[in-house]
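I opened the model today to look up a few local features. My notes follow in the order in which I checked them.

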Number of protein chains: 2
Amino acid sequence: MKITPVILSGGGGTRLWPLSTPEKPKQFLALTGDATMFEMTLARAMDRDFFTAPIVVANAAHDALVKAQLAEVGIADAAIIYEPCARNTAPAIALAALAAHDVKAPLLVMPSDHLIADVAAFHAAIMAALPLVEEGWMVTFGIEPTAPETGYGYIRIGEELGTGVNRVERFVEKPDAATAQAMIDAGNHAWNGGIFLFRADIYLGALASLAPNILAAAQTAMAEASRDSGAIYPDAAAFSVSSADSIDYAVMEKADRVAVAPVSMGWSDVGSWDALYDIGAKALSNNVLVGDVRANDASGNLIHADGIRVSVHGIDNLIVVANGREVMILPRGQSQKVRDFAKD
Amino acid sequence: MKITPVILSGGGGTRLWPLSTPEKPKQFLALTGDATMFEMTLARAMDRDFFTAPIVVANAAHDALVKAQLAEVGIADAAIIYEPCARNTAPAIALAALAAHDVKAPLLVMPSDHLIADVAAFHAAIMAALPLVEEGWMVTFGIEPTAPETGYGYIRIGEELGTGVNRVERFVEKPDAATAQAMIDAGNHAWNGGIFLFRADIYLGALASLAPNILAAAQTAMAEASRDSGAIYPDAAAFSVSSADSIDYAVMEKADRVAVAPVSMGWSDVGSWDALYDIGAKALSNNVLVGDVRANDASGNLIHADGIRVSVHGIDNLIVVANGREVMILPRGQSQKVRDFAKD
């Protein structure tokens, strides 16, 4: 059976301010090249030999962005579910599972604000996981960790269930630095990248037993949804009573048959300007330059110009981000300070 | 007799790029506060007890800026001479001298892109020079030098002719560093600030003997000028044949009765972003911040935001200049590098 991509595009982070804003969050920005992360996420699951038309769960405020970027990659038959309010991932995925054409369809749940450099490795991991998924397992993809990051959840990898798929021994919430290092040293851990593969009916069944409030809210919201040429507007009053829980907390950490497909695929959640420097293509003098930028006698900088020209001389190891309204400058390694500016 | 201010506003430098552009050069920018340098130059000679209406020599391309800024300071009766082409200062001042209502009127020639912090000192120097000017002397104001600058011409101050006025012993073209230091050490030298006071007829007489080609071109251009409600458009063909010489080269360095009024008046030609830092009001941590700027853990920076917001964290001793089209960043002390960017 073909896999149904479920694209979660409701996020609205501020860690890539000033480019990322609530009106145009990072998944809709072309941060690394010509395509946006939303478009690249769609493109990863566009081969109709393996995938059906996608289901996109979006914020209604991003309606125009979603439609324009679907058109940009040539998808005319997506089902778009506009969340009436943000209720975290478990309810969002419930809406998508209820909209699936076939209750046994495997759903490939993907955040739209991550990068995957090695799409072939991703596809191979999906194919490795698919037999277990069809048997009723829920699979999360475990990102091979490259550093003792404290900002991610971890998965302890258990016994092998099949080639490339292992039982999840346990989920570990965002750890402290020592715990993170210990897991890296132990070697049998992966980052939880928030990408999942499971049958719609299996997910809904898990919700029924583990989070019935979420399932009921989603069912009522979809039963009373209005529809308009491919767009689905779940009922706001019904959906708003749902708990706002992540799929990890509501389902994955508590369900029985949960597996992990470990994969090394050049994954990044592009969680900061520093991360974008790390993954960016280095020009001369280790600068990462995006947009209309002139850099003389400058090294190690990330300079991102969007609709404005940036000219620098003699600066090193800075992050410079500018559009027609805002300019932000800080040293590399301090991009978490963006939050101080973005909140105003 | 009242003094007639002659405001030279034809300049179009690029040293304060990206704010200063040929379309809107620095004299028309509010770089240090609410008023532009052109407006501040007008305001220095607006007291009608001592000054007549000004004569403004301008570039026709700056027509709207000139008129708007004259209106801003409340001057409705200026004579505006639009140079048909740029021919340096000697011909420009010749046009103004020919437009003076009284041939014996003392003309106070002022570039419009300089700052004078102590206007009272300037006025005192003018008053000190006026008796000699009325006798037929040509006076230049000698700026008390504060450093061995190599970018200015110098004046060697000779015998005293009257209180606060001395004979010019000699003009020194832009010196090398050793020569500049020797003049500073000697103590009897001033910078040539390009501000002059002389009678219109004396200047025109000096031109007749020292630069008759310039006088003839200016006379023909004015005789064949078109006029339109206060604006004078000298004939382009006639004016274009004039030599393009500075008043220093064409007249002051060669004439006989040339005096200097030494003055310490907080003068700056605002020749670079570094100069603007030096004269700027220092906020916390020695930052000079102009416009909508947020600076956290930052020190010693000049940050100039024009129609855009600039947010910085953890940067020191940089020059950051931004408008809606351009962002420029370089270290303090290197503002001469602006030329590399401005020429494109």
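How many residues lie between E7(A) and E8(A) in their hairpin, and which residue in the turn has a positive phi? I counted two residues between the strands, and A:Gly164 is the one with a positive phi, about 80°. I note here that the model is predicted.

I looked at the pairing next. Strand E7 (residues 154-162) and strand E8 (residues 165-172) of chain A run antiparallel and are joined by six bridges. Across this pair I found A:Arg156 opposite A:Arg170 in E8(A). E8(A) also pairs with strand E12 (residues 258-263) of chain A, in the antiparallel sense, over two bridges. There A:Arg167 faces A:Ala259 in E12(A) as its opposite residue.

I then traced an open sheet of six strands with mixed pairing. I wrote down its order as E14(A)-E16(A)-E18(A)-E19(A)-E17(B)-E15(B). Which strands stand at the edges? They are strand E14 (288-290) of chain A and strand E15 (293-296) of chain B; each has a single partner strand, so one side of each lacks a neighbour in the sheet. From one strand to the next, the twist averages 5°.

Strand E18 (residues 318-322) and strand E19 (residues 326-331) of chain A are antiparallel, with five bridges. A:Val321 has A:Met328 in E19(A) opposite.

**Loop glycine, chain B**

I turned to B:Gly324, which lies in the loop between strand E18 (318-322) and strand E19 (326-331) of chain B. B:Gly324 is partly exposed, at a relative accessible area of 29%. Setting aside neighbours within four places in sequence, I found B:Gly324 in contact with A:Ile308, A:Gly324, B:Asp306 and B:Ile308. I also took the C-alpha to C-alpha distance from B:Gly324 to B:Val290: 15 Å in space, for 34 residues in sequence.

**A histidine in a strand, chain B**

Is B:His304 buried or exposed? B:His304 is buried, because its relative accessible area of 5% falls under the 20% cut-off. B:His304 belongs to strand E16 (residues 302-305) of chain B. Beyond its neighbours within four places in sequence, its contacts include B:Leu19, B:Ala30, B:Leu31 and B:Trp273. B:Val290, B:Val320, B:Val321 and B:Ala322 are also among them.

**Rings**

I counted 18 aromatic pairs over all chains. One of these is B:Tyr152 with B:Trp267, edge-to-face, at 5.3 Å centre to centre and 70° between the planes. B:Tyr152 is in the loop between strand E6 (138-143) and strand E7 (154-162) of chain B, and B:Trp267 is in strand E13 (residues 267-268) of chain B, so the pair ties together parts 115 residues apart in sequence. Both B:Tyr152 and B:Trp267 are buried.

The charged end of A:Lys254 sits over the ring of A:Tyr249, 4.0 Å from its centre. In chain B, B:Lys254 lies over the face of B:Tyr249, at 4.0 Å from the ring centre.

**Helix pair, chain B**

Last, I looked at helix H6 (residues 200-210) and helix H7 (residues 212-223) of chain B, which pack at about 125° with their axes 6 Å apart. H6(B) and H7(B) are therefore oblique to each other. B:Leu204, B:Leu207, B:Ala208, B:Ser209 and B:Leu210 in H6(B) meet B:Pro212, B:Ile214 and B:Leu215 in H7(B).

Definitions and conventions:
Residues numbered from 1 in each chain as written. Chains lettered and ligands numbered in written order. Predicted model: local features only at pLDDT ≥ 70, side-chain atom pairs only at ≥ 80, totals over all residues. Heavy atoms only, no water. Helix = DSSP H or I, 4+ residues; strand = E, 2+ residues; numbered from the N terminus. Buried < 20%, exposed > 50% of the residue type's maximum accessible area, 1.4 Å probe, protein only. Contact = heavy atoms within 4.5 Å. Phe/Tyr/Trp six-rings, centres within 6.5 Å; stacked < 30°, edge-to-face > 60°. Lys NZ or Arg CZ within 6 Å of the ring centre and 35° of its normal. Pairing = 2+ DSSP bridges. Axes fitted to C-alpha atoms, helices over the stretch in contact; angles between N-to-C directions. Parallel < 35°, antiparallel > 145°, perpendicular 65-115°, else oblique.
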